[in-house]
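Please study the sequence and the structure before reading each solution.

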Amino acid sequence: MTAPHSSRHGSRQYPIRVLEHLRGHWVLFSIVQAPRLGDAPVRVLIPWNIRNADPRVASRFLRRTPGLGHWTVAFVPTDTDALCLEVLGGRELSSQSRVRMWRISRPTASALIMLRSPLRIAGALLGPPRQLPQRVRQAIATAVREANSPHSYGAWITLWDDWRGVVQEQLLASAYRAKWPCLSAVVFHRKSDIAALAATVASLRQQCGFADLPVYTSDADAPAAAALSQASGEYVAVLQAGEVVPAHAFAVLADQAARHDLPDMLCADEDLLGGDGRRRTPFFKPEINHALALSGILTRGIWLVRRAALMQLTHGLPGWAEATRLDAYLRLYEQQTPPRTHRVPFVLTHRRCDTGVAPDAILVGIARQHLQRMGMAAELASPKLPLRWRLAVAPDRQPKVSLIVPSAAKSPHVTTCLRAVLQRTAYRRFDIVVVVSQDHPLEPVQQNILAPVLADPRARAVVLDVAEFNYSKANNFGASVSDSEILCLLNDDVEPIEPRWLEYMVGHLSDPHVGAVGAKLIYPDGRVQHGGVIIGLAGLCEHAFRNLRRDEPGYWGRAILEQEMSAVTGAALLVRRNAFEAVDGLDEGYAIAFNDVDFCLRMREKGWSIVFSAAAELRHHESVSLGYHFSGERAALEGVEVARMRQRWRSVCIADPFHNPNLLLTLGREWTIAFPPRVERPYGEILDELSPLYDTEPPVENHRRAILSDTTPRTRHQQPITLKTMTNGEAGEV
């Protein structure tokens, strides 16, 4: 066996030719006589072409079963002539290893998948017989997703968070070493935090490259400013007693600061350190953003803050690390230009069980004072961490909003939904512009559908003279015939759940940095349909938190918190007119899909923030009017629009700033730890090219043709090797 190809993550990749009789069928993969593998994760990578768009690679982890070796089941597309076997963790196959590939039927594949999760399948058998097939299909799809991430956080740490040797050999030899800023640390503590304080200080004394790191301590009863004024250096690391940092933490932070032009603040990922010394429950954070910072969930874990910024803190602020970090960020945000921040995608803090926690009331006070200074009215829906703020607008200060509603006006649901908007929206100053796209006047059936809506003086209908429906063109036309300074793009199949939905969205525009706001959309059965958009998810972009219960908090509470996202859906999207006009409205080249995502990303390019408001809830009867994006006559558009989006927004697809690269980009598992992560040590630069380690998956439409597959973009050129395989029981060289 020749040497395998090595990836930048230290995995070994073995290209294998696929014989013709296996193509277009379900295949059972098995590796036998592989003593070197041990418990190392192994996966098979299968090229998957999405309608002539970018080729992708579906990945499927192999399961180790005593007596059977490593095995998995996967569908091999018809046009696949080669695949790749990847061994993670630096291990490799021996020359005696054998790869067996059997062509199997779909029922057999389903049975094998069911054997991997017997309890889940057994649970699906319970319930009404009429829904049994649907429950079984869902259970199988879930079993596939779960089986494809069978590894623990401990395994992830072993594979991708072992820094021994990296610091001395690479990080301390960084080309940016000469630009590393001078650092110091301040540790806040209570009088009773003796063991916690000792552990934190001990970890600071062991920092590689910072043998003489100045460390200052401050009691919680003393003002934070007193200790911070004594700190030296260009940056100050703010820590709470009990927050332990690994030996490479300061070298990584200093290097990241130098590489990113010395931002105002840097924060890093964190996890919990149990009493048994084991790390657990990692928090892989998004980029620091104002809306989410107000909740307080980003305030734990090490922060590196410019010393000058700390001098602006509230006088008399109690000595808590969380309060110091939050106040420093919010005060910088109040400046004309938001603070330059950088999220370091490495776990650089381990929180002990005895780590002190700032009282919620202190964080509430800091956030409330900030909102008052910003002139933003807000109500506190939950006074405990995570803090849930509801931004609002006083009735006598409400700006007028025009709701732009593209509609075919041919279904009774249009009447139901638009009357619900008119009757169940507490916001006073709004009107509705219904845009009907057709090359003739309203038909009698359309007039009957709209009559109950148009009876309200706040509603009117206009006809856009076009032969074919174009969602972007309809919204642009609606905006041109309205006179409000705030526009709300609204589907005709949504209705309010929360009467103050529009008020909560408009409240975010009190922040001059925010250009657009998206609502939380709920399916009729109470599950989440939209919680913001993650770029790169499912191969291109998809909704976050889909299918969670309406009140389910989600990953670290993010499903119920206001936060900045890269994009939000156009089904309920509030936007400033000047921001709308700054990007020339929606791109009419996207007639049906991706127009809202492209619109948001172009606004972000102009410097506007996009916020998802979890407080603004509406019920969405998805695609009642027009059907799904790529069905019927529109199916031919999919490849064109997908390819165009990928080409235009390639960099964002690789690295959405609000989705951590240590988390998957697989639909339904986007909050699951990534094996491997999409970031490499020691510098934390997101991969600058699509690689086989970039986990994503095909658009959801393709899932109707085969069971869910994890996918990754195309592989690099790989050197051919000799590997003995067996297909249908017959061995051969490939």
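**Exercise 1.** Determine which backbone oxygen lies 3.2 Å from a polar atom of the side chain of arginine 678, and state where arginine 678 lies.

*Solution.* Step 1: the oxygen belongs to the backbone of asparagine 660. A polar contact is a pair of N or O atoms within 3.5 Å; within protein, one must be able to donate a hydrogen and the other to accept it, and residues adjacent in sequence count only if both atoms are side-chain atoms. Step 2: arginine 678 is in the loop between helix 20 (650-654) and strand 32 (710-713). Helices (H or I, at least four residues) and strands (E, at least two) are DSSP runs, numbered from the N terminus. Step 3: the relative accessible area of arginine 678 is 4%, so this residue is buried (buried means under 20%, exposed over 50%, partly exposed in between, with a 1.4 Å probe and protein chains only).

The model is predicted: local features need pLDDT of at least 70, side-chain atom pairs count only at pLDDT 80 or more, and totals for chains, interfaces and linings use all residues. Residues are numbered from 1 along each chain as its sequence is written, and side-chain values use heavy atoms, leaving out hydrogens and water.

**Exercise 2.** Describe the peptide bond from phenylalanine 675 to proline 676.

*Solution.* Step 1: omega is near -5° and the bond is cis. Step 2: proline 676 lies in the loop between helix 20 and strand 32.

**Exercise 3.** Classify alanine 538 as buried or exposed.

*Solution.* Step 1: its relative accessible area is 3%. Step 2: alanine 538 is therefore buried. Step 3: phi of alanine 538 is near 60°, a positive value in a residue other than glycine.
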